[in-house]
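Good morning, and thank you for the time.

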Amino acid sequence: MKREKSLLLIVFLFLLSLINQNAYSKEKEDLNFPKGFLWGTATSAYQVEGGIKNDWSKNGLDAGKAANHFEEFDNDFKIAKSLGNNAYRMSIEWARIEPEKDQWSQEGVDFYKKIFKSLKKHGLKPMVTIHHFTNPIWTEKFGGWENKEIIERFAKFTTFLAKTFGDDVDLWLTFNEPNVYALKSFATGDWPPFKKDRQITLYVMNNILKAHAEAYRILHEFDNTDADSDGIACEVGFAQHIAVLEPFWVLNPLDHLMTYFQNKVFNEAFWDACTTGKFDLFIPGLKSIDEPFNEKLKNSMDFVGFNYYTRWFIKANGDNVPNEKGELTDMKWEIYPTGLGKSIQLANNYAKKRNLPIYITEVGLSDPNDSKRGKYIVTHTKSMLDEIKKGSNVKGFMFWSLMDNFELADGYGPKFGLMTIDRKIKQSAYVYKEIAETNSIPEKLSEKYLK
Ligand code: BGC
C-alpha cells in the first residue's frame with residue numbers, strides 16, 4: 001500500500017512537471033523580431049507640415065498650420081528617436097518643390113535637405129513617399145490625374161527628386177494608397193477634384209500605374225550615379241491600402257461575388273499590374289481598361305508595401321459596413337488585429353513570387369483619449385510577428401502617426417498620433433517605445449495585452 005502510494009505520488013509529480021513545463025514554454029514564446037527590423041512612424045507632408053498651398057488648400061480643405069512640423073521637425077525627430085524608433089516615413093510636397101510648372105523652388109529643396117540632415121542626426125532612416133494625395137494647383141489646368149499629361153509631369157518631378165535627394169533617400173514609395181486616392185477623389189467625390197465618375201476613376205488608376213512605372217525606372221536610373229553615390233541600392237515600391245473585405249452575409253452568393261470584385265479592384269489590381277506589367281481590369285458596366293503589356297510596369301516593386309487599418313463587410317449592392325459586434329474606433333472602424341495578419345498573407349502571395357521583402361507602411365487608429373492605442377499596438381505587432389514566424393519577410397513597421405494631424409476631409413477631429421499637436425507624449429507612445437527599443441514584445445506587455 002505504501003509502495004502504491006509513493007508510485008502514485010511519483011506519477012502525480014511527473015504530470016505536474018509536464019503542466020509546468022507547458023506553462024514555462026508558453027511563457028517563453030519567442031517574441032523577438034528579426035534583427036535590423038525598422039520601427040518608425042508615418043506622416044504625410046500636407047497633414048503635418050503646415051503652410052502648404054496645393055489643390056486641397058485651394059478647394060476648401062486647407063490644413064492651415066497643420067501640426068507645424070515645418071518648424072518643429074527637429075524636435076519631432078528627437079522625440080521619435082527617444083521613443084526607440086530607427087526609421088521615419090514622410091512625404092515630399094510636390095507644391096513646395098515645383099510651385100509653378102517647371103519652376104523648382106530652392107526654398108523647398110533647402111527645407112527637405114534640412115529634414116534629411118536632421119533625420120540622419122537622430123539615426124532615423126527615411127522612407128519617402130512622392131505622392132500622398134495632394135498636387136500642385138497648376139496641375140488642375142490640364143485636369144490633373146484624369147489627363148495622361150500628368151504622367152510626364154510626375155516623371156519630371158521624380159527625376160528632380162532623384163537628382164536632388166538621391167543620396168539622402170534609399171527607400172522610396174512612389175504613391176500612397178493609389179486605390180484610395182482614385183476612389184475618394186474620382187468616385188465618391190470626397191477629395192479634390194471631387195469627381196463622382198467610376199469610369200474616370202479607372203482612367204486615373206491607369207495613369208497612376210503608368211506614372212509609377214516611369215518613377216520606378218527613374219529612381220533606379222539615378223541610383224549609383226553622381227546624383228546618388230552613397231553606394232546603397234535604393235528600394236522602390238508604393239503603399240497599397242489593404243482593407244480586409246468579407247461578405248456581409250455568408251449565405252448570400254451575391255455578397256460573395258461583390259466581395260470578390262472589390263477585392264480584385266481595390267486590393268489586388270495595382271499589385272497584379274506591377275507584377276505582370278499588364279493592367280486589364282474588367283468592371284461590369286464600365287468600359288474595360290485593356291492596356292497593352294508595359295515592360296516598365298512589369299516587376300516594378302522592390303518590396304511589397306501596404307497600409308492596413310480595418311475590415312469591412314460587403315453587401316451585394318457594393319455597400320460596406322463595419323462589424324457592429326466588434327470593437328470600433330470613434331471613426332467606426334473595427335479594431336481587428338487578425339486583419340493585419342491576413343493582409344500580410346495577401347502581400348506575401350506577391351512577395352514570395354519574386355522573393356521580395358514586405359514593409360508595413362501604415363497601421364493606426366483614431367483614439368482621442370488614448371484608451372485603446374496601447375493594446376492596439378501590441379495586438380497588431382503580435383499579429384505581424386506570427387506571420388513573420390510563418391515565413392513572411394516583413395522588414396519594417398510604420399505606425400500612423402507620430403503626432404495628431406490634419407485628417408484629410410475629416411479635419412482635426414480624429415486623433416491618430418502618438419503625441420498631441422502640442423507635443424504632449426501619450427501613454428501609448430511608451431508602449432510603442434518598449435517594442436521598438438527591445439525589438440520584441442516584452443513579457444510585461446504580452447502579459448497585459450495578449451493573455
Ligand atoms: C492615409 C493617411 C490617413 C490615414 C488615416 C491612410 O489611409 O494614408 O493619410 O491619415 O489613412 O485615415
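The second largest pocket has a volume of about 230 Å³, volume being the space filled by probe spheres set on grid points joined across faces, edges and corners. A pocket here is an open set of points on a 1 Å grid over the protein atoms alone, where a 1.4 Å probe fits, with protein on both sides within 12 Å along at least five of seven lines; lining residues have an atom within 4 Å of a point.

This is a predicted model, in which local features need pLDDT of at least 70 and side-chain atom pairs pLDDT 80 or more, while totals for chains, interfaces and linings use all residues. Residues are numbered from 1 along each chain as its sequence is written, and side-chain values use heavy atoms, without hydrogens or water.

The lining of this second pocket includes Lys117, Lys120, Asp167 and Asp168. By class, it has seven charged, three nonpolar and no polar residues, where Asp, Glu, Lys and Arg count as charged, Ala, Val, Leu, Ile, Met, Phe, Trp, Tyr, Cys and Pro as nonpolar, and the others, Gly among them, as polar.

The largest pocket has a volume of about 1400 Å³. Its lining comprises 47 residues: 26 nonpolar, 13 polar and eight charged.

Which polar side-chain atoms lie 2.9 Å from an oxygen atom of the ligand? Histidine 132 supplies one, and glutamate 362 another. For tyrosine 309, the distance from a side-chain N or O atom to a ligand oxygen is 3.5 Å. The shell around the ligand holds six nonpolar, five polar and three charged residues.

Technical notes
A polar contact is a pair of N or O atoms within 3.5 Å; within protein, one must be able to donate a hydrogen and the other to accept it, and residues adjacent in sequence count only if both atoms are side-chain atoms.
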